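The following note sets out a series of points on the structure shown below.

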Amino acid sequence: MSIREEALGTTDLGEQEPLPVWEDMVFSEPELPDDYTATPQSFDDTPPPQLVRTLNLLPFPEHDVRGPEDIDGIAAHILSRTREGIADLLEHEDYAGYEGTPTEAWARAIAEHQTGIPYTMPVYFYGPQKQVAEGIARQGRYPLVGQCQQSVTTALCMGGWDGGVRGDIGAGKDSQPYCAQLGEGWRGVPLDLKKWPDELWDDVKVGSCLFWSADSAGSGHVALVIRKHPVDRKWQLWDTGTSFHDPSSHLAAARQARMLWESHWWDFIPKSLSNGRWPFRGIGLLPGLGRVKEDLRPRGRARLLLQRRSDRALLFRSAWIDMEAEGLPNSWLLRGLRGAPFSDRIEATFCINSPPGLTKSAPRGTPLLDCTVDAKGNARMFWNWQWKQGYHERKNAAVWQPDAPFPASAGGALKSLAVPATRTPAEAGRELYEEADAELRAEAERKSVSQRAHS
């Protein structure tokens, strides 16, 4: 749910027009269709695929870290796990039964690459929206933020759209006609999906966009259908309102987190949103969708922090990791944190920032979100927007902001964070650990020699 974003000349870091005002998501219960009847709940009902749920169902990984004092060993373990990807998560039974669907690879790519992105405008961090969309469509490089139309645009570009003339599917009054003009459109459909005829259900495919808006241009909401239930008349949406509407609680994210993940099953289309101000306008479906863009990579950077839970002392701070160069989506970082060794005593956090040098408003890059692990080993994500134009307010700048790694060995033994193709992530993790351990032992020996020399 957002206002229209204007094209801004920001990529050269020169003069730029004022940034658009950030508009918070207005929560209201979706208005039910007339004569809607909810389907009775069954004990046989299964949840839809949701990465944000399945993440913390994964078993804790084995490790050979000696103890909570082995800080470099913990860091090496997490960094190694992070680079292994999320194949085991997608092989979980929560995702079983969808493999044969032609668009399932696209749905999984959307979740893998956009789960956790916060609700704010890419223009603040990445420059004009049209150029952002071109970066996805041409190179597979995507932003780590998005309000409704930008996050849906990103998902559409991941699935084969070129972004159109505006680089934005839109969310205003003219957006449904625009989408329908490019492909197909439906208006006046029954809002209760259970009342849809078979032909309509077959025609409105995965990739269809649902539009709500005010009568004035620019204000409204759009959601994307990413899965259709194999039996029942219900579907799953990619929707910025999911953190408000999901009936399930997730360990990975708080309610009303204003972050994105795969929705619950919807068996109806809300008659209106935003306290009745935005009626449903219809559906649009772009042509040629479903083939996943190759080599998708996030535009961001991250660094790993390790802190002692008892007194919040900083024990480790990695160098900044280029998420684009290494191909590390948020979901991979979260999976790397799940079951981190000795998480009851050591808190591990990935601080995620936008890349430096893209906009005048954020020349050094800006905090976007944090991924962390709780004392029970559950991976979590959060975004503290604090009404500051959608910016993440990360506390304790003295801990996360300095460019230098901490301690000095973190910039030495662990300076090579990339995993060459000739080594598996597990092998790379062991080598990183062995290098860190050797440097720590050498440093301890030097101190011992120095102490004996002065005794």
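1. The model under discussion is predicted. Searching the whole structure gives 1 cavity of 30 Å³ or more. The volume of the largest cavity is about 80 Å³.

2. Cavity lining. The lining of the largest cavity consists of 12 residues. Trp212, Asp239, Trp266, Pro270 and Leu273 are those that lie nearest its centre. By class, the lining of the largest cavity comprises 8 nonpolar, 3 polar and 1 charged residues. Trp266, one of the residues nearest the cavity centre, also belongs to an aromatic cluster with Tyr36 and Phe268.

3. Aromatic pairs around Tyr124. Over the whole structure, 9 aromatic pairs are found. One of them joins Tyr124 to Phe125 in an edge-to-face arrangement, with 6.1 Å from centre to centre and 75° between the planes. Tyr124 has a relative accessible area of 0% and is therefore buried. Phe125 is likewise buried, its relative accessible area being 1%. Tyr124 also pairs with Tyr391: the ring centres are 5.6 Å apart and the planes stand at 35°, so this pair is tilted. Why does the pair of Tyr124 and Tyr391 tie together separate parts of the chain? Tyr124 belongs to helix 5 (residues 123-126), whereas Tyr391 is in the loop between strand 15 (379-382) and helix 13 (397-400), so the parts joined are 267 residues apart in sequence. Both Tyr124 and Tyr391 are buried.

4. Charges over rings. Two contacts of this kind may be noted. The ring of Tyr178 has the charged end of Arg166 over it, 4.0 Å from the ring centre. Over the face of Trp201 lies Lys228, at 4.2 Å from the centre of the ring.

5. The structure contains 26 salt bridges. Among them is the one between the side chains of Arg227 and Glu262, with an N to O distance of 3.0 Å. Arg227 is in strand 4 (residues 220-228) and Glu262 in strand 6 (residues 262-266), so that this pair, 35 residues apart, links distant parts of the chain. Are the two partners, Arg227 and Glu262, buried or exposed? Arg227 and Glu262 are both buried.

6. An exposed salt bridge. Asp403 and Arg364 form a salt bridge in which the closest N and O atoms are 3.8 Å apart. This pair also links distant parts of the chain, 39 residues apart: Asp403 is in the loop between helix 13 and helix 14 (425-454), and Arg364 is in the loop between strand 13 (346-353) and strand 14 (367-373). Asp403 has a relative accessibility of 53% and therefore counts as exposed. Arg364 also counts as exposed, because its relative accessibility is 52%. The cut-off applied in both cases is over 50%.

7. Glu393 and Lys395 meet through their side chains in a salt bridge, at 3.9 Å from N to O. With a relative accessibility of 24%, Glu393 counts as partly exposed, whereas Lys395, with a relative accessible area of 53%, is exposed.

8. Why can helix 12 (residues 330-337) be described as largely enclosed by the rest of the structure? The reason is that 8 of its 8 residues are buried. These are Asn330, Ser331, Trp332, Leu333, Leu334, Arg335, Gly336 and Leu337. Gly339, which follows helix 12, has a positive phi, near 65°.

9. Helix 4. Of the 11 residues of helix 4 (residues 104-114), 10 are buried, and the helix is mostly covered. The buried residues include the charged Glu104, Arg108 and Glu112, together with Trp106, Ala107, Ala109, Ile110, Ala111, His113 and Gln114. Just after helix 4, Gly116 adopts a positive phi of about 95°.

Notes. Residues numbered from 1 in each chain as written. Predicted model: local features only at pLDDT ≥ 70, side-chain atom pairs only at ≥ 80, totals over all residues. Heavy atoms only, no water. Buried < 20%, exposed > 50% of the residue type's maximum accessible area, 1.4 Å probe, protein only. Helix = DSSP H or I, 4+ residues; strand = E, 2+ residues; numbered from the N terminus. Phe/Tyr/Trp six-rings, centres within 6.5 Å; stacked < 30°, edge-to-face > 60°. Lys NZ or Arg CZ within 6 Å of the ring centre and 35° of its normal. Salt bridge = Lys/Arg side-chain N within 4 Å of Asp/Glu carboxyl O. 1 Å grid on protein atoms, 1.4 Å probe; cavity = no way out; pocket = protein on both sides within 12 Å on 5 of 7 lines; lining within 4 Å. Points joined across faces, edges and corners; volume = space filled by probe spheres on them.
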